[in-house]
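User: I am new to this structure and would like to learn how to read a few of its features. Please take them one at a time.

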Amino acid sequence: MNWKKLAGHWYAILIALFFLGAAGVYIVFGTSSYIAVHDNLDLFVAQFQMLKNTGSFFAHGVDVPFLGGVTRDNLPSELSLYTVLYMLLPSFAAYVTGYLLKIAIAMGSVWLLAKDWYGEALAGYEPLVTLCGFCYGALNVFPAFGIAFASIPLVVYLLRRIYRGASVKLYIFLFCYPFLSYFSYFGFFILAYLVAAVVWLGLRDRKISKTLAAAVFVLGAGYVAFEYRLFGVMLFGGTETIRVSMVEADLTAREIAAQAMEVWRHGIFHAESVHDRFVWWVCMFYFIYQNQRYMARQDWKGMCHDVYNLLMLVLVFNSAVYGVYNWGAFRGLVEKAVPFLKGFQFNRTVFFNPFLWYAAFFLVLQRMYAAAQGRGAGKGWWKAAANGMALAAIAVTLLSPTRYNDLLGTCKNKALELLKGKAIDEMSYGEFYSVGLFQEIKEDIGYQGEWSAAYGFHPAVLEYNGIATLDGYLGFYPQRYKEDFRRIIAPALERVEASRIYYDDWGARAYLYSGSEASAVSNYKSFTVSDSRLYIDAQAFGELGGRYLFSRYALSNAEELGLRLVNAYGTDGAPYKVYLYEK
């Protein structure tokens with residue numbers, strides 16, 4: 001074996017070890033791993049399992065059993081790679097596969113883009129491209145759309161190729177790109193950026209690029225084809241949704257500027273790029289250094305044409321759009337001009353910032369590599385420094401305790417359990433859904449699909465376990481049902497103003513709320529409430545078809561509400577104690 005040659009691929013070996021280690025962690029611990037709940041286990045993971053339980057992935061003209069029965073078309077398309085994973089694999093395996101696949105797709109996409117950008121010169125940058133591609137892919141962003149984040153370099157690569165010389169094959173690839181993406185979070189903005197690029201390049205080249213203009217229609221057609229359900233509901237559904245009653249912020253100019261600065265500096269939780277912990281400092285130092293040199297030479301043309309400065313400009317633009325979205329007058333103008341954008345969050349431009357920050361970071365390191373060429377004996381130190389900075393960025397990504405860093409959370413909690421014998425209060429994936437417990441309950445009562453609701457835990461737990469729910473979590477369902485469900489929870493909303501605002505001004509979480517506390521749900525085993533009364537309109541619950549109420553707590557006013565205790569389950573130490581009531 002040529003050990004010297006093998007050592008030359010040290011970066012690939014490190015990444016291979018990561019994949020083996022990460023896969024090993026999840027294989028060994030399985031569903032006892034710790035997976036983020038917020039906007040994850042309480043949302044898409046349960047909905048995909050519900051589609052599998054009901055055989056509704058490909059179904060048309062059917063309702064799915066949550067939120068009183070909403071159309072299947074309101075859930076993610078079956079023509080999506082992430083959805084396909086849940087069709088083919090058990091839920092937990094699909095989740096882990098999605099995580100690892102996201103990293104692999106990011107690495108492949110970055111490699112293709114770098115190869116297209118640098119051509120033959122790429123031969124000197126393999127370690128850097130590989131490490132930066134891995135770092136970008138490993139970012140712990142919103143899991144359900146991780147692949148969409150990861151594939152952004154791929155669509156840039158395809159569009160660059162099409163601009164230089166289109167072919168049928170490239171257009172086919174572009175048409176199929178939405179299989180990896182998602183229109184509401186990315187597609188709308190990719191198309192908008194593409195139109196802007198056509199105009200800008202047309203002005204620069206003094207002629208419109210017909211191939212790139214055609215790409216707008218090809219990509220748009222791809223999104224319509226792959227997300228036909230979304231477009232059908234959005235354009236032809238004819239049902240007024242909760243988007244019409246959502247209340248957005250209306251901030252002052254100072255507040256808008258502060259918010260734009262905040263997301264530019266730190267990002268947002270669905271797109272946690274942790275760039276503020278290391279990458280930002282490198283990028284800002286280089287920005288000042290490089291532009292000071294331009295100014296010293298009075299090279300204003302060079303400054304304006306520097307790709308690095310363009311990336312910085314787009315970062316500022318995306319962050320500014322995020323802030324301006326909260327300017328009520330401007331948002332109203334957009335919604336009036338384009339009515340179907342009512343409630344659409346066009347501030348999602350910030351979802352592209354992670355890619356832009358790490359692209360800028362890569363450029364800094366690449367220029368360190370390039371500078372090393374003329375450094376003689378010291379060139380090795382420049383490359384080593386660039387590689388070290390890439391490794392530092394990876395370490396920051398993998399070791400930052402962000403919301404969706406499941407691998408770190410699992411390793412930390414398992415270390416505390418196994419090495420220190422500490423009991424972890426947080427629920428694992430398996431404990432959160434407690435499949436065995438709810439299967440026991442269903443068998444005990446002979447459950448036949450009766451409408452139910454959850455109190456004290458997320459309705460997603462019931463949905464995952466094949467129990468139809470009047471409650472649920474979805475950002476796009478009929479406004480009329482929101483009003484009907486509000487009748488059930490009105491007594492609680494009247495008592496807690498924060499809950500009333502949360503539901504009336506947003507309403508995506510149609511839950512049974514506590515009448516005395518900010519929240520009655522938690523993924524911690526020890527969580528409890530001080531008030532054992534349930535504040536609901538029991539008559540409205542029955543009129544919507546509600547029969548069973550699954551409560552984490554024994555209700556002191558059950559008889560008053562006309563609820564009969566069927567049985568108590570999980571009292572032998574299960575993560576949940578479930579008190580089952582029947583209307």
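User: Is leucine 391 buried or exposed, or in between?

Analyst: First, this is a predicted model, where local features need pLDDT of at least 70, side-chain atom pairs count only at pLDDT 80 or more, and totals for chains, interfaces and linings use all residues. Residues are numbered from 1 along each chain as its sequence is written, and side-chain values use heavy atoms, without hydrogens and water. Buried means under 20% relative accessible area, exposed over 50%, partly exposed in between (1.4 Å probe, protein chains only). Leucine 391 has a relative accessible area of 32%, so it is partly exposed. Leucine 391 belongs to helix α20 (residues 379–399); helices (H or I, at least four residues) and strands (E, at least two) are DSSP runs, numbered from the N terminus.

User: How do strands pair in a sheet, and in what order do the four strands of the open sheet come?

Analyst: Strands of a sheet pair through backbone hydrogen bonds, either parallel or antiparallel. Two strands count as paired if DSSP finds at least two bridges between them. Here the order is β3-β6-β8-β7, with mixed pairing. At the edges are β3 (451–455) and β7 (564–569), each pairing on one side only.

User: In which sense do β6 and β8 pair?

Analyst: Strand β6 (residues 546–551) and strand β8 (residues 578–582) are antiparallel, joined over four bridges. Phenylalanine 550, for one, has leucine 580 in β8 as its bridge partner.

User: Which helix packs on the sheet?

Analyst: Contact means heavy atoms within 4.5 Å. Helix α23 (residues 435–445) touches β6, β7 and β8.

Notes: Axes are lines fitted to C-alpha atoms, for helices over the stretch in contact, and angles run from 0 to 180 degrees between N-to-C directions.
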